[in-house]
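Here is a walk through one protein chain, from its overall build down to a few single residues. Keep the structure open while you read.

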Amino acid sequence: MAGELVLLTGGTGFLGHAILIDLLKNGYRVRAAVRSQAKIDKVLAAPSIAALKLPATQLMFVIVPDMIAPGAYDEAVQGVDFIIHAAAPVHSKDEKSDTPKEELERLFVTTCVTGNLAILKAANEKTKTVRRIVITSSTVAIAPVEVYLSDTKEREVSRGPESRVAAPPPPYNSELEAYCVSKAAALNASEEFMRDSAPTFDLISIMPSLIFGADELATSTSDLRTGSTQALISTLLTGKEGLRGVSNAILCSDVARAHVKALDEKVKGNQSFILSVDAKWENTVPILKKLFPDAFKPGFFQEDGWQPATALQWDTSKVREILDIDLASYESMLQEVVGQYLELAKKESK
């Protein structure tokens, strides 16, 4: 409901910023938990924030330098009606990692689980106003990790939002593997907390697949060569295989919309939503040639590097039936991501 106060974590990230804008456009008051004043300045400099002409009472900030420190959110949760927890570590590479293997559990699994539980415990113990917490999970949380690492029969299994898997113990061989495990472990720990503590608030988990979309906070082409767009842009520039394995994706604005829609009291609590569409990596070049034909002139985008991949079978029906969201196509994702990249590249060439 418009005017209610939402604590948002991760609001300076790719997805978190999109959630922030959606919240503000729908009239919510937002208290964004950020790590530093520099992060605040970056958000306030965004054109979409300026265009909203917000009153000072609609967007506020609280600095939380270490979001997994004991008591990190004790002050931040005071007086809020809802919490959207979108902050979490993300992996930087598909298979190989420069991170020492002995550090992977701490950097991903421990951080993700501790962050989720810190939010839940603060809401339960330090305030009595929170009615719902929405946490960003992932489809990797509800499928065996080998699905994302190798060609396995598990890729043929259809899964729904109530599917769950156990989190395998360390050691982990890559950031991707540790990331997948961290999402499963955090989801399981959060739901165990809800069962054991029986708080007055409920929990909703949003489970997107690989997220693509325009990033307003990206000001250079190098900014778009990180995160979820890294493999896509790198493959287009080098012609070397980047995106591989499973070919599921989702538009960032759809994921943001789902988080905000999930706050509606008409949406029953303690449930999960999967957001995913079949991307078909092998269709990337034909789609982009239709959208941006000049981008494939000699010296710019390459046509090679795209291999057929398997799309996992996800039941996303609740997104349309309950949240009233029609998920955008892979073509829409490419139009946003590559369109932004080409615009930034044009500016940099002048």
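Predicted model: local features only at pLDDT ≥ 70, side-chain atom pairs only at ≥ 80, totals over all residues.

## Overall build

The protein chain has 10 helices and 12 strands. Its radius of gyration is 20 Å, close to the 20 Å that the globule rule gives for 350 residues, so the chain is as compact as a globular protein of that length. Among contacts with a separation of 6 or more, 81% are between residues 24 or more positions apart.

The accessible surface comes to about 15,700 Å², and carbon and sulfur atoms account for 50% of that. As for charge, the chain carries 38 positive and 45 negative side chains, and the centres of the two sets lie 3 Å apart.

In soluble globular proteins, nonpolar side chains tend to be buried together. The largest nonpolar core in this chain has 52 residues, and the members touching the most others are Leu7, Tyr73, Ile83, Ile133, Tyr148 and Phe201. At least two residues of this core come from each of strand E1 (5-9), helix H4 (101-125), strand E5 (132-136), helix H5 (175-197) and strand E7 (202-208).

What does isoleucine 133 contact, leaving aside neighbours within four places in sequence? The list is Ile83, Ile119, Leu120, Ala123, Phe201, Asp202, Leu203 and Ile204. There is also a second, separate core of 36 residues, with Val43, Ala262, Leu263 and Phe273 among its members.

Helix H7 (residues 252-261) is mostly covered, with seven of its 10 residues buried. Those buried residues are Cys252, Asp254, Val255, Ala256, Ala258, His259 and Val260.

In H6, the buried residues are Ala231, Leu232, Ile233, Thr235 and Leu236. They pack against E8, helix H8 (284-291) and H10. Just after H6 comes glycine 239, which takes a positive phi of about 75°.

## Methionine 207 in strand E7

Methionine 207 belongs to strand E7. Is methionine 207 buried or exposed? Methionine 207 counts as buried because its relative accessibility is 0%, and the cut-off for buried is under 20%.

Leaving out residues up to four places away in sequence, methionine 207 touches Ser137, Ser138, Thr139, Ile142, Pro161, Arg164, Leu187, Ser272, Phe273, Ile274 and Leu275. Phe273 is also a member of the second core. Along the chain, methionine 207 and threonine 316 are 109 residues apart, while their C-alpha atoms are 9.8 Å apart in space.

## Loops worth a look

Start with threonine 221, in the loop between strand E8 (210-212) and helix H6 (230-238). Not counting residues up to four places away in sequence, threonine 221 touches Tyr341, Leu344, Ala345 and Glu348.

Alanine 87 is in the loop between strand E4 (82-85) and H4. Setting aside residues up to four places away in sequence, alanine 87 touches Thr9, Gly10 and Met67. Alanine 87 and valine 34 are 53 residues apart along the chain, and their C-alpha atoms are separated by 9.6 Å.

Two residues have a positive phi without being glycine. Alanine 198, with a phi of about 45°, is in the loop between H5 and E7. Alanine 198 is exposed, at 58% relative accessible area. Aspartate 324, with a phi of about 60°, is in the loop between helix H9 (317-321) and helix H10 (330-349). At 48% relative accessibility, aspartate 324 counts as partly exposed, because the exposed class needs over 50%.

How values were computed: Residues numbered from 1 in each chain as written. Heavy atoms only, no water. Helix = DSSP H or I, 4+ residues; strand = E, 2+ residues; numbered from the N terminus. Rg over C-alpha atoms; globule rule 2.2 N^0.38 Å. Contact = heavy atoms within 4.5 Å. Areas by Shrake-Rupley, 256 points an atom, 1.4 Å probe, with all protein chains shown as cover. Lys, Arg positive; Asp, Glu negative; His and termini not counted. Charge placed at Lys NZ, Arg CZ, Asp CG, Glu CD. Core = buried A, V, L, I, M, F, W, Y, C linked by side-chain atoms within 4.5 Å. Buried < 20%, exposed > 50% of the residue type's maximum accessible area, 1.4 Å probe, protein only.
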